[in-house]
Amino acid sequence: MATFRRRGHNMEQAFNQALINSRVIHGAIKAAGIYHYRMDYQDFVQDGIINYANVYHKYAPQEEMTKINQLAFQKIKWQALDQLRKQMRQSVEVITTDEQWELFQDNNSFDISEIINQLSFSIQDKKRLIAIFDSGYTMVDLAKKENISTKHLQRLKQELRRQLTNN
């Protein structure tokens, strides 16, 4: 029973430390491209507090606070990016045409380049996908610029959809 109380006390201390270091949490969420005007911003903050407390609880005895803050920052950012990817995957499943994809892309506030960079594409293909979605190139313009076929770009987009819905 004493061990349980001690653990509870440590977690309480970990959550207090998370609240004290809320700048780390908000900074990590912002680094993931999530801003306070999103309807689900507070959900990301709550998840960030939990992640920070878990990191603090795990590493507090052996690490200094700067290292804990760095580890927590990365964990919170990655978790937020994973959550954005899940949200995107759920939305992508219903997208069937390029027009619907463009509408989806225009109405979301995440950075698609961050998501694309986490997936398994060659560096060149990642640049091409980012150019399609972020730079406003049409498929035809990009194909001419890159001296590749539009069919190759279509396959890249299909593979992107597959990876997002299967991860």
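Predicted model: local features only at pLDDT ≥ 70, side-chain atom pairs only at ≥ 80, totals over all residues.
Which residues does M139 touch, not counting residues up to four places away in sequence? The answer is I132, T150, L153, Q154 and K157, where contact means heavy atoms within 4.5 Å. Residues are numbered from 1 along each chain as its sequence is written, and side-chain values use heavy atoms, with hydrogens and water left out.

**The chain as a whole**

The secondary structure of the protein chain comes to 9 helices and 0 strands, the elements being DSSP runs numbered from the N terminus (helices are H or I with at least four residues, strands are E with at least two). Of the 167 residues in the protein chain, 38% are buried; here buried means under 20% relative accessible area, exposed means over 50%, and partly exposed lies in between, with a 1.4 Å probe and protein chains only. Among contacts between residues at least 6 apart in sequence, 62% join residues at least 24 apart.

M139 has its place in helix α8, which covers residues 139–146, and at 14% relative accessibility M139 counts as buried. Its C-alpha atom is separated by 9.7 Å from that of R128, 11 residues away along the chain. R128 is one of the buried residues of α7, a group that also includes D125, K126, L129 and F133.

The contact is made by Q124, R128, A131 and I132 of α7 together with M139, L142 and E146 of α8. By class, this contact of α7 with α8 has 4 nonpolar, 1 polar and 2 charged residues, where Ala, Val, Leu, Ile, Met, Phe, Trp, Tyr, Cys and Pro count as nonpolar, Asp, Glu, Lys and Arg as charged, and the others, Gly among them, as polar.

Beyond α8, N147 lies in the loop between α8 and α9 (150–166). Most residues other than glycine have a negative phi. The phi of N147, however, is near 60 degrees, a positive value in a residue other than glycine, and N147 is exposed, with a relative accessible area of 71%.

**Helices α2 and α3**

Helix α2 (residues 22–31) and helix α3 (residues 41–59) pack at an angle of about 125 degrees, with their axes 9 Å apart. That makes α2 oblique to α3, given that angles under 35 degrees count as roughly parallel, over 145 as roughly antiparallel, 65 to 115 as roughly perpendicular and the rest as oblique. On the α2 side, V24, I25, H26 and I29 meet Y41, F44, V45, G48, I49 and Y52 in α3. By class, the contact of α2 with α3 has 8 nonpolar, 2 polar and no charged residues.

| Residue | Relative accessible area |
|---|---|
| R85 | 15%, buried |
| N51 | 10%, buried |
| L164 | 0%, buried |

R85 lies in helix α4 (residues 65–92), and, leaving aside its neighbours within four places in sequence, R85 is in contact with I115, Q118, L119 and L164. L164 has its place in helix α9, and the C-alpha atoms of L164 and R85, 79 residues apart along the chain, are separated by 7.1 Å.

**An aromatic pair**

The count comes to 1 aromatic pair, under a rule by which rings of Phe, Tyr and Trp (its six-membered ring) pair if their centres lie within 6.5 Å, with planes under 30 degrees apart counted as stacked, over 60 as edge-to-face and the rest as tilted. Y35 and Y37 form this pair, which is stacked, at 6.0 Å centre to centre and 10 degrees between the planes. Y35 counts as partly exposed at 32% relative accessibility, and Y37 counts as exposed at 57%.

Terms used:
Axes fitted to C-alpha atoms, helices over the stretch in contact; angles between N-to-C directions.
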